[in-house]
Amino acid sequence: MCFEFFLSYLCQIPAAAASLSSPAAFFFTYGVVDHLSINPHRSSMPQSLIICLLLLLLAAAAPQTAAAGADCSVGMGCDLALGSYYISRNQNLTYISSLFGIDDYHTLAPYNTGYTSLDFIQVGSRINVYFRCGCLTLPFAPFSTYLAGSFPYVVSQGETYASVAAEFHNLTTATLLQPAPSSDNDFNGVLDAGTVVNVTVTCSCANADVSAPDYRFLLTYPLGDGETPNSVAASHGLSSPAELDLFRRYNPRADSVKEGEVVYIPLKDGYYNGIIAPSNGPSKTKKVIIISAIAGTSGLLGASVILLLFFLWYKKYYGMLPWQKWSRNAPRIESFLQKQETSHPKRYSYQDVRRMTKSFAHKLGQGGYGAVYRGNLADGREIAVKTLKDTEGDGEDFMNEVASISRTSHVNIVTLLGFCLQGRKRALIYEYMPNGSLERYTFGSMSAEGDNSLCWDKLFEIVIGIARGLEYLHNGCNTRIVHFDIKPQNILLDQNFCPKISDFGLAKLCQQKQSKISMVGMRGTIGYIAPEVFNRSYGAVSNKSDVYSYGMMVLEMVGARKQIDVGIDTSSNYFPRWLYDKLDQFCGATISEIGSDTTELVRKMIIVGLWCIQLRPIDRPSMSKVLEMLESNTSDLQLPPKAFWTS
């Protein structure tokens, strides 16, 4: 009955279905999955015919699937599968290994004995990578399974499913990456930076029913330019009739495989064409243990003392123990740095950082992120070294800092001279700011008198300098940078008290045309965070969030000048609200103390600050407008028509 139904409907099925690698591929490409949706009335095909068609397709594909490893059941798979990766320009083995979750690329050596050294491999060569091959479910077709390796990939700015697939050079496809493919197969939509894509690399495992026991594993090999299945089989030593027959049993569609598609190459145990199976290490280890035991208690004690001294020395000079060489997130950060190679600053080792800081002798400050130390480069330049805490964090603050500041060049942005990433040790190397942070001069008990006092003219210059730096971040870079943590502690002052924006650990990068920022969670410092950052009902998060923080900081600078006494207790009032209501009284009371010209600067700072802290982002000026207001006459400035922050 099924066969009759199938013949009657066969003319409606594209002939190309016969060339697809699995039933799942047929269902996805030609819409059979749609016919099996929750609403059966969408299909013009009888349900009994659908069931028969599925059974026939599965039966027809079964021999091919079993051979190629496309279909499987839970628990199936193998501990070792190999993939042939094509090395292109601007790639190195550290980056390639990180794609497949391999911490040290030197562990690839047993599977690439055709190279004398893995440290020098030409572009255009191939490298064999190893991974576990398991049974996975297609994200868009839960009833279809296939054998593959699975690897998390952190998306960078501007990447798409297609570009992510391209990083793996035909070992995967954009179709397999997209969780829910659209009807038009649109794989070119830009993904959000920081998104984790689960990349699957197709593979296969040796089948005892197909090949002899000595063929224990298979190599997934994407065909390159000018290559054919037969030429690849020959290059891997498969030449006898029996070997070619084995190759075709694992690749029943070999005659139709084209460039960019994969074939599975069966490989023998032991040495075979530059491939070595994993050695039986435990037996060798046991021999070493036996020999060590025979050496006697005194020899063992002596070796222990030597090892202890070695580890203490290694820890002192390298900042970690040998087995701590890679942290859990090191491959992710290395992958990020590989993509930023053309823009990130010089990389230093941990020994270099120790040498620069004279073993961290001069501590400048301490924060929640870690500590800052003073030091010198080899050319004598003074530097500040910011060490990040030795944690297993995801490294987002470190990557944000490198990605953000590396894209900037402005007199009001701190210069990042280099960085260190070695195991769990992370450090950022900045130009040294001899006058510290703005907080030191404008806030607290030392801000109003003595050496830490700044005149109003200098404060106004600092306010304009910060505004210019923010305007550059928002509009002057190819990639817009939103800082999200503008506060006095993050404004550094050089020897001439020129302000420089620092600490980009919470920054977000976005395209210039992107007016809204997608963000998970809250970021910033209490007291300076814009309302929309923690409550989206106020509006969308954007560069206007920095404008709010800037306004709060300017008003706080005005309120912290304790030598101005207007004779009114403001401690019980919200200071910005009090300024809005008593602006004339506040400014009038200062004329006798600081003069009319300086009072006009104070009035200008207050009015600009009040505009910047409006609740709704749409009511705040851009940083370009803020600069225009600061550089205009005070008489041209008006208070906001309504103080939204007073309600």
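Trainee: Where do Lys625 and Glu628 lie?

Mentor: Both lie in helix α22, residues 623-630. They are three residues apart, about one turn of the helix. Keep in mind that this is a predicted model.

Trainee: What do Lys625 and Glu628 form?

Mentor: A salt bridge. The closest N and O atoms are 3.3 Å apart.

Trainee: How many salt bridges does the structure hold?

Mentor: The count is 14. One of them joins the side chains of Glu227 and Arg126, at 3.5 Å from N to O. That pair links distant parts of the chain, 101 residues apart. Glu227 is in the loop between β5 (215-222) and α8 (229-235), while Arg126 is in strand β2.

Trainee: Is Arg126 buried or exposed?

Mentor: Buried, because its relative accessibility is 19% and the cut-off for buried is under 20%.

Trainee: Which side chain does Asp255 meet in a salt bridge?

Mentor: That of Arg248, at 3.2 Å from N to O. Asp255 is exposed, with a relative accessible area of 70%. Arg248 is partly exposed at 33%.

Trainee: How does β7 run against β11?

Mentor: Parallel, with three bridges joining the two. Arg347 stands opposite Phe419 in β11.

Trainee: And what about β11 and β12?

Mentor: Antiparallel, over six bridges. Strand β12 covers residues 425-431. Leu421 stands opposite Arg426 in β12.

Trainee: Which residue in that hairpin takes a positive phi?

Mentor: Gly423, with phi near 60°. The hairpin of β11 and β12 has two residues between the strands.

Trainee: Why is β11 called largely enclosed?

Mentor: Because seven of its seven residues, 416-422, are buried. That leaves strand β11 largely enclosed by the rest of the structure.

Trainee: How many bridges join β9 to β10?

Mentor: Seven, and the strands run antiparallel. β9 spans residues 370-376 and β10 spans 382-388. Gly375 has Ile383 in β10 as its bridge partner.

Trainee: Now rings. How many aromatic pairs are there?

Mentor: The structure holds 10. In one of them, Phe100 and Phe131 are stacked, 6.4 Å centre to centre with 20° between the planes. They sit 31 residues apart in the chain. Phe100 is in the loop between α5 (93-99) and β2 (126-138), and Phe131 is in strand β2.

Trainee: Phe100 and Phe131: buried or exposed?

Mentor: Phe100 counts as buried at 4% relative accessibility. Phe131 counts as buried at 5%.

Trainee: What kind of pair do Tyr153 and Phe168 form?

Mentor: Edge-to-face, at 6.2 Å centre to centre and 65° between the planes. They are 15 residues apart. Tyr153 is in strand β3, residues 141-154. Phe168 is in the loop between α6 (161-167) and α7 (174-177). Tyr153 is buried at 3%, and Phe168 is buried at 0%.

Trainee: Which residues do ring pairs link into a cluster?

Mentor: Tyr85, Phe100, Phe131, Phe151, Tyr153 and Phe168.

Trainee: Last topic. Which residues form the nonpolar patch on the surface?

Mentor: Leu301, Val305, Leu308, Leu309 and Leu312. Together they have about 500 Å² of accessible area. Leu301 lies in helix α11, residues 297-318. It counts as exposed, because its relative accessibility is 56%.

Trainee: And where does Val541 lie?

Mentor: In the loop between α17 (531-534) and α18 (544-559). Val541 counts as buried at 2% relative accessibility. Its C-alpha atom is separated by 8.1 Å from that of Pro617, 76 residues apart along the chain.

Methods:
Residues numbered from 1 in each chain as written. Predicted model: local features only at pLDDT ≥ 70, side-chain atom pairs only at ≥ 80, totals over all residues. Heavy atoms only, no water. Patch = residues over 30% accessible without salt bridge, like charges linked within 9 Å, V, L, I, M, F, W, Y side chains within 5 Å. Areas by Shrake-Rupley, 256 points an atom, 1.4 Å probe, with all protein chains shown as cover. Salt bridge = Lys/Arg side-chain N within 4 Å of Asp/Glu carboxyl O. Helix = DSSP H or I, 4+ residues; strand = E, 2+ residues; numbered from the N terminus. Buried < 20%, exposed > 50% of the residue type's maximum accessible area, 1.4 Å probe, protein only. Pairing = 2+ DSSP bridges. Phe/Tyr/Trp six-rings, centres within 6.5 Å; stacked < 30°, edge-to-face > 60°.
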